Amino acid sequence: NANHFLSVAKEEKKKVGRSRHWGHESRQPESLPQPARESPDQVPPRFPHLPPLPSVKPDPAPWEGLEDTPPPQKLELVVAPVNQPKGIALQWTISHVDPRCAPIESFSLFMCLEDVGSGITSAWKRTSVIKALPLPMACSLSQFPRSVRCYVTMQSRDIHGRHGPFCEVQAVSAL
């Protein structure tokens, strides 16, 4: 629930004070995937007021036979508000698929919510793991308060357990 998500964020901000990266927790669920080639404290460049992207486990060591198979590619994500039903639509793809990459097993969806009135942002949270189907893929999200701006990023995982980089963070306000 988005209201609960923001109320937890407000409590975290009270505890931490005016730290730029409040709400970023170092402990993450064991199953949280690792972005390839990214620093765990990376702040989204287009949105420097947001907390760093999630800190996650490193990729497994290269396995025999995978030396010539690159990890998953960076996704291209588009988000937009929708009226019927009210919510947010997401669509993602890879424009130029590298045939050397292993098939994608799943996609992780991460969100950060911002209260537009107060400017308070939540920590990044993995909200969904979506089983991969042929690209492009799409989904919709609903039940966001009008006063929330939603920031979204995604990351893919291949059949060998390796993770691609986070895609560019996208921002949208629900209608």
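This is a predicted model: local features need pLDDT of at least 70, side-chain atom pairs count only at pLDDT 80 or more; totals for chains, interfaces and linings use all residues.
Visitor: How many helices and strands does the protein have, and in what order do the elements run?

Guide: There is 1 helix, and there are 7 strands. Read from the N terminus on, the order is α-β-β-β-β-β-β-β.

Visitor: What share of the residues is buried?

Guide: Buried means under 20% relative accessible area. Of the 175 residues in the protein, 46% are buried. The protein exposes about 9600 Å², and 53% of that comes from carbon and sulfur atoms.

Visitor: Which contacts join residues at least 24 apart in sequence?

Guide: Take the contacts between residues at least 6 apart in sequence; 69% of them join residues at least 24 apart.

Visitor: How many salt bridges are there?

Guide: A salt bridge needs a side-chain nitrogen of Lys or Arg within 4 Å of a carboxyl oxygen of Asp or Glu. The count by this rule is 4. One of them joins Glu105 and Arg157, at 3.1 Å from N to O.

Visitor: Which parts does the pair of Glu105 and Arg157 tie together?

Guide: Glu105 belongs to strand S3 (residues 104-115) and Arg157 to strand S6 (residues 148-158), so the bridge links parts 52 residues apart in sequence. Glu105 is partly exposed at 37% relative accessible area, and Arg157 is partly exposed at 31%.

Visitor: Are Asp158 and Arg162 buried or exposed?

Guide: Both are buried. The side chains of Asp158 and Arg162 form a salt bridge, 2.9 Å from N to O.

Visitor: What about Arg100 and Asp98?

Guide: Their closest N and O atoms are 2.8 Å apart, in a salt bridge. Arg100 is exposed, at 52% relative accessibility, whereas Asp98 is buried, at 18%.

Note on methods
Residues are numbered from 1 along each chain as its sequence is written. Side-chain values use heavy atoms; hydrogens and water are left out. Helices (H or I, at least four residues) and strands (E, at least two) are DSSP runs, numbered from the N terminus. Buried means under 20% relative accessible area, exposed over 50%, partly exposed in between (1.4 Å probe, protein chains only). Contact means heavy atoms within 4.5 Å. Accessible areas come from the Shrake-Rupley method with a 1.4 Å probe; for residues, only the protein chains shown count as cover.
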